[in-house]
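User: I'm new to this one and would like to know what backs up each label. Can you walk me through it?

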Amino acid sequence: DCVMDKEYFFNVIEKIAELVEEKRDYLTELDAAIGDADHGFNLSIGFREVSKKMPEWKDKDIKGFFKSVGMTLLSKVGGASGPLYGSFFMKFGEPADGKEEVTFEELFQMFKQGVEAVEFRGKASVGEKTMVDVLRPAVDEFEKAMKENLAPKEIMEAFIDTARKGAESTIDMIAKKGRAMRLGERSIGHLDPGAASSTMILEVFADCFPC
Ligand code: ADP
Ligand code: MG
Ligand code: MG
(Lines give C-alpha, C1' and ligand atoms only; values in the text may rest on other atoms or scores of the structure.)
(Ligands and ions follow the chains in the order given, each with its own letter.)
Protein backbone atom coordinates (compact mmCIF):
# COMPACT_ATOMS: atom_id res chain seq x y z
CA ASP A 1 0.00 0.00 0.00
CA CYS A 2 1.03 3.57 -0.69
CA VAL A 3 1.50 5.44 2.59
CA MET A 4 3.46 8.57 3.48
CA ASP A 5 4.92 8.51 6.96
CA LYS A 6 6.47 11.17 9.18
CA GLU A 7 9.90 10.36 7.87
CA TYR A 8 8.73 11.21 4.34
CA PHE A 9 7.39 14.60 5.43
CA PHE A 10 10.45 15.43 7.53
CA ASN A 11 12.64 14.48 4.62
CA VAL A 12 10.61 16.66 2.24
CA ILE A 13 10.95 19.72 4.46
CA GLU A 14 14.68 19.14 4.93
CA LYS A 15 15.13 18.86 1.16
CA ILE A 16 13.05 21.98 0.52
CA ALA A 17 15.29 23.86 2.95
CA GLU A 18 18.39 22.66 1.07
CA LEU A 19 16.93 23.53 -2.31
CA VAL A 20 15.92 27.00 -1.14
CA GLU A 21 19.59 27.65 -0.25
CA GLU A 22 20.73 26.31 -3.58
CA LYS A 23 18.20 28.40 -5.54
CA ARG A 24 18.20 31.45 -3.32
CA ASP A 25 20.01 33.77 -5.71
CA TYR A 26 18.08 32.49 -8.71
CA LEU A 27 14.75 33.20 -6.97
CA THR A 28 15.98 36.61 -5.91
CA GLU A 29 17.02 37.41 -9.49
CA LEU A 30 13.55 36.51 -10.73
CA ASP A 31 12.14 38.88 -8.12
CA ALA A 32 14.62 41.60 -9.15
CA ALA A 33 12.99 41.69 -12.59
CA ILE A 34 9.40 42.27 -11.45
CA GLY A 35 9.47 42.74 -7.67
CA ASP A 36 11.86 43.90 -4.97
CA ALA A 37 14.65 41.31 -5.28
CA ASP A 38 14.08 39.46 -2.02
CA HIS A 39 12.08 36.30 -2.75
CA GLY A 40 15.01 33.85 -2.41
CA PHE A 41 16.29 35.75 0.58
CA ASN A 42 12.85 35.68 2.26
CA LEU A 43 12.48 31.94 1.81
CA SER A 44 16.03 31.32 2.94
CA ILE A 45 15.42 33.14 6.23
CA GLY A 46 12.24 31.14 6.80
CA PHE A 47 13.54 27.70 5.94
CA ARG A 48 16.80 28.21 7.86
CA GLU A 49 14.70 28.79 10.95
CA VAL A 50 12.57 25.72 10.12
CA SER A 51 15.74 23.58 9.78
CA LYS A 52 17.05 24.86 13.05
CA LYS A 53 13.84 24.07 14.94
CA MET A 54 12.98 20.75 13.26
CA PRO A 55 14.71 18.50 15.81
CA GLU A 56 12.29 19.86 18.45
CA TRP A 57 9.34 18.68 16.34
CA LYS A 58 10.28 15.01 16.02
CA ASP A 59 7.57 13.77 18.38
CA LYS A 60 4.69 15.71 16.86
CA ASP A 61 2.03 14.09 14.69
CA ILE A 62 1.99 15.14 11.03
CA LYS A 63 -0.54 17.89 11.66
CA GLY A 64 1.49 19.31 14.56
CA PHE A 65 4.67 19.18 12.52
CA PHE A 66 3.21 21.19 9.64
CA LYS A 67 1.55 23.62 12.00
CA SER A 68 5.02 24.39 13.38
CA VAL A 69 6.52 24.65 9.89
CA GLY A 70 3.75 27.02 8.81
CA MET A 71 3.88 29.18 11.92
CA THR A 72 7.65 29.49 11.64
CA LEU A 73 7.40 30.64 8.01
CA LEU A 74 4.58 33.00 8.91
CA SER A 75 6.58 34.64 11.68
CA LYS A 76 10.01 34.68 10.00
CA VAL A 77 9.42 35.36 6.32
CA GLY A 78 8.90 38.96 5.40
CA GLY A 79 6.84 39.90 2.37
CA ALA A 80 3.86 38.35 0.70
CA SER A 81 5.27 34.86 0.44
CA GLY A 82 5.64 34.34 4.22
CA PRO A 83 1.94 34.41 5.08
CA LEU A 84 1.12 32.54 1.86
CA TYR A 85 3.51 29.63 2.40
CA GLY A 86 2.80 29.79 6.13
CA SER A 87 -0.92 29.30 5.46
CA PHE A 88 -0.16 26.62 2.91
CA PHE A 89 1.77 24.45 5.37
CA MET A 90 -0.52 25.11 8.33
CA LYS A 91 -3.54 23.90 6.35
CA PHE A 92 -1.56 21.20 4.60
CA GLY A 93 -1.19 19.32 7.87
CA GLU A 94 -4.81 19.50 8.94
CA PRO A 95 -6.12 16.32 7.30
CA ALA A 96 -3.33 14.46 9.16
CA ASP A 97 -4.64 15.24 12.65
CA GLY A 98 -3.31 12.65 15.14
CA LYS A 99 -1.65 10.69 12.31
CA GLU A 100 1.85 9.27 12.00
CA GLU A 101 1.22 8.31 8.37
CA VAL A 102 -1.30 9.15 5.65
CA THR A 103 -2.79 7.41 2.64
CA PHE A 104 -2.44 8.71 -0.90
CA GLU A 105 -6.03 9.99 -0.79
CA GLU A 106 -5.17 11.86 2.42
CA LEU A 107 -2.07 13.31 0.76
CA PHE A 108 -4.36 14.69 -1.94
CA GLN A 109 -6.59 16.27 0.73
CA MET A 110 -3.50 17.88 2.24
CA PHE A 111 -2.49 19.52 -1.04
CA LYS A 112 -6.08 20.55 -1.70
CA GLN A 113 -6.43 22.29 1.66
CA GLY A 114 -3.01 23.89 1.37
CA VAL A 115 -3.84 25.39 -2.02
CA GLU A 116 -7.22 26.60 -0.80
CA ALA A 117 -5.49 28.35 2.09
CA VAL A 118 -3.18 30.22 -0.33
CA GLU A 119 -6.17 31.27 -2.43
CA PHE A 120 -8.09 32.35 0.64
CA ARG A 121 -5.22 34.38 2.05
CA GLY A 122 -4.01 36.01 -1.18
CA LYS A 123 -7.29 36.22 -3.10
CA ALA A 124 -5.48 35.48 -6.37
CA SER A 125 -6.92 33.31 -9.10
CA VAL A 126 -5.36 31.59 -12.07
CA GLY A 127 -4.13 34.08 -14.68
CA GLU A 128 -2.91 36.75 -12.26
CA LYS A 129 0.79 35.77 -12.38
CA THR A 130 1.31 34.30 -8.90
CA MET A 131 2.06 30.98 -7.25
CA VAL A 132 -1.64 30.18 -7.67
CA ASP A 133 -0.93 29.63 -11.39
CA VAL A 134 1.12 26.63 -10.30
CA LEU A 135 -0.77 25.39 -7.26
CA ARG A 136 -4.37 25.48 -8.50
CA PRO A 137 -3.89 23.64 -11.83
CA ALA A 138 -1.53 21.12 -10.19
CA VAL A 139 -4.01 20.16 -7.49
CA ASP A 140 -6.85 20.00 -10.01
CA GLU A 141 -4.77 17.68 -12.16
CA PHE A 142 -4.05 15.52 -9.09
CA GLU A 143 -7.79 15.16 -8.51
CA LYS A 144 -8.52 14.44 -12.17
CA ALA A 145 -5.78 11.80 -12.39
CA MET A 146 -7.06 10.16 -9.21
CA LYS A 147 -10.56 9.95 -10.67
CA GLU A 148 -9.04 8.30 -13.74
CA ASN A 149 -7.54 5.68 -11.41
CA LEU A 150 -3.96 6.29 -12.49
CA ALA A 151 -1.24 4.78 -10.31
CA PRO A 152 0.10 7.09 -7.55
CA LYS A 153 3.45 7.46 -9.29
CA GLU A 154 1.74 8.50 -12.53
CA ILE A 155 -0.49 10.90 -10.64
CA MET A 156 2.56 12.56 -9.08
CA GLU A 157 4.13 12.88 -12.53
CA ALA A 158 1.00 14.52 -13.93
CA PHE A 159 0.88 16.78 -10.87
CA ILE A 160 4.45 18.02 -11.41
CA ASP A 161 4.09 18.27 -15.16
CA THR A 162 1.07 20.54 -14.66
CA ALA A 163 2.89 22.59 -12.01
CA ARG A 164 5.78 23.22 -14.43
CA LYS A 165 3.41 24.24 -17.21
CA GLY A 166 1.64 26.54 -14.77
CA ALA A 167 4.91 28.24 -13.87
CA GLU A 168 5.80 28.68 -17.53
CA SER A 169 2.37 30.15 -18.22
CA THR A 170 3.14 33.07 -15.90
CA ILE A 171 5.82 34.37 -18.28
CA ASP A 172 3.28 35.79 -20.71
CA MET A 173 0.91 37.11 -18.04
CA ILE A 174 0.35 40.62 -16.73
CA ALA A 175 0.65 40.64 -12.94
CA LYS A 176 -2.62 41.42 -11.18
CA LYS A 177 -1.54 40.70 -7.61
CA GLY A 178 1.45 41.49 -5.41
CA ARG A 179 4.26 43.93 -6.11
CA ALA A 180 4.64 43.00 -9.77
CA MET A 181 1.16 44.43 -10.36
CA ARG A 182 2.64 47.93 -10.30
CA LEU A 183 4.57 47.14 -13.49
CA GLY A 184 1.43 46.46 -15.47
CA GLU A 185 2.36 45.35 -18.99
CA ARG A 186 6.05 45.58 -18.17
CA SER A 187 5.61 42.44 -16.08
CA ILE A 188 5.10 40.47 -19.30
CA GLY A 189 8.05 38.31 -20.32
CA HIS A 190 9.17 37.35 -16.81
CA LEU A 191 8.64 34.17 -14.83
CA ASP A 192 6.87 34.86 -11.54
CA PRO A 193 9.23 34.16 -8.61
CA GLY A 194 6.52 32.60 -6.43
CA ALA A 195 5.47 30.37 -9.31
CA ALA A 196 9.10 29.22 -9.58
CA SER A 197 9.47 28.54 -5.85
CA SER A 198 6.15 26.72 -5.55
CA THR A 199 7.09 24.46 -8.47
CA MET A 200 10.37 23.66 -6.71
CA ILE A 201 8.50 22.83 -3.51
CA LEU A 202 6.05 20.50 -5.25
CA GLU A 203 8.95 18.84 -7.10
CA VAL A 204 10.52 17.89 -3.76
CA PHE A 205 7.29 16.17 -2.68
CA ALA A 206 7.39 14.20 -5.91
CA ASP A 207 11.14 13.45 -5.78
CA CYS A 208 10.85 11.97 -2.28
CA PHE A 209 7.61 10.14 -3.09
CA PRO A 210 7.88 6.58 -1.81
CA CYS A 211 5.34 4.76 -4.03
P1 ADP B 1 7.15 40.49 -1.64
O2 ADP B 1 6.52 40.63 -2.97
O3 ADP B 1 6.32 41.03 -0.54
O4 ADP B 1 8.57 41.00 -1.63
P5 ADP B 1 8.13 37.79 -2.08
O6 ADP B 1 9.06 38.43 -3.02
O7 ADP B 1 8.72 36.88 -1.05
O8 ADP B 1 7.24 38.90 -1.34
O9 ADP B 1 7.05 36.93 -2.87
C10 ADP B 1 6.56 37.35 -4.12
C11 ADP B 1 5.66 36.26 -4.69
O12 ADP B 1 4.50 36.12 -3.88
C13 ADP B 1 5.13 36.58 -6.07
O14 ADP B 1 6.04 36.17 -7.06
C15 ADP B 1 3.82 35.82 -6.14
O16 ADP B 1 3.97 34.51 -6.67
C17 ADP B 1 3.41 35.69 -4.70
N18 ADP B 1 2.26 36.55 -4.41
C19 ADP B 1 2.24 37.86 -4.16
N20 ADP B 1 0.99 38.28 -3.90
C21 ADP B 1 0.19 37.17 -3.98
C22 ADP B 1 -1.21 36.92 -3.80
N23 ADP B 1 -2.05 37.90 -3.47
N24 ADP B 1 -1.65 35.65 -3.98
C25 ADP B 1 -0.81 34.66 -4.29
N26 ADP B 1 0.51 34.84 -4.46
C27 ADP B 1 1.01 36.07 -4.31
MG1 MG C 1 9.85 40.32 -3.18
MG1 MG D 1 9.68 42.16 -0.22
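Analyst: Over residues 7–207 the chain is 68% helix and 1% strand, and the end C-alpha atoms are 14 Å apart. Helices (H or I, at least four residues) and strands (E, at least two) are DSSP runs, numbered from the N terminus. This is a predicted model, where local features need pLDDT of at least 70, side-chain atom pairs count only at pLDDT 80 or more, and totals for chains, interfaces and linings use all residues. Residues are numbered from 1 along each chain as its sequence is written, while chains are lettered from A and ligands numbered from 1 in the order in which they are written.

User: What does UniProt list for residues 7–207?

Analyst: An unreviewed UniProt entry gives "domain: DhaL" for that stretch. Such annotations may be inferred rather than shown by experiment.

User: How do you know that the length of α1 agrees with what a helix should span?

Analyst: The expected span is 1.5 Å times one less than the number of residues. Helix α1 (residues 6–22) has 17 residues, so it should span 24 Å, and its end C-alpha atoms are 24 Å apart, which agrees.

User: Which residues of α1 are buried?

Analyst: Phe9, Ile13, Ile16, Ala17 and Val20 are. Buried means that 20 or more other C-beta atoms, placed from the backbone, lie within 10 Å of the residue's own; exposed means 12 or fewer, and partly exposed is in between.

User: Why are they said to be on the same side of α1?

Analyst: They cover an arc of only 100° around the axis, so they sit on the same side of α1. That arc is taken from the directions from the helix axis to the C-beta atoms. The face turned away from the buried side of α1 carries exposed Glu7 and Glu22.

User: What makes up the shell around ligand 1, by class?

Analyst: There are seven nonpolar, nine polar and seven charged residues. Among the 23 residues around ligand 1, Gly79, Ser81, Gly122, Gly178 and Gly194 come nearest. The largest share of the shell, three residues, comes from α9.

Notes
A residue is near a molecule or strand if its C-beta atom, placed from the backbone, lies within 6 Å of it. Ala, Val, Leu, Ile, Met, Phe, Trp, Tyr, Cys and Pro count as nonpolar, Asp, Glu, Lys and Arg as charged, and the others, Gly among them, as polar.
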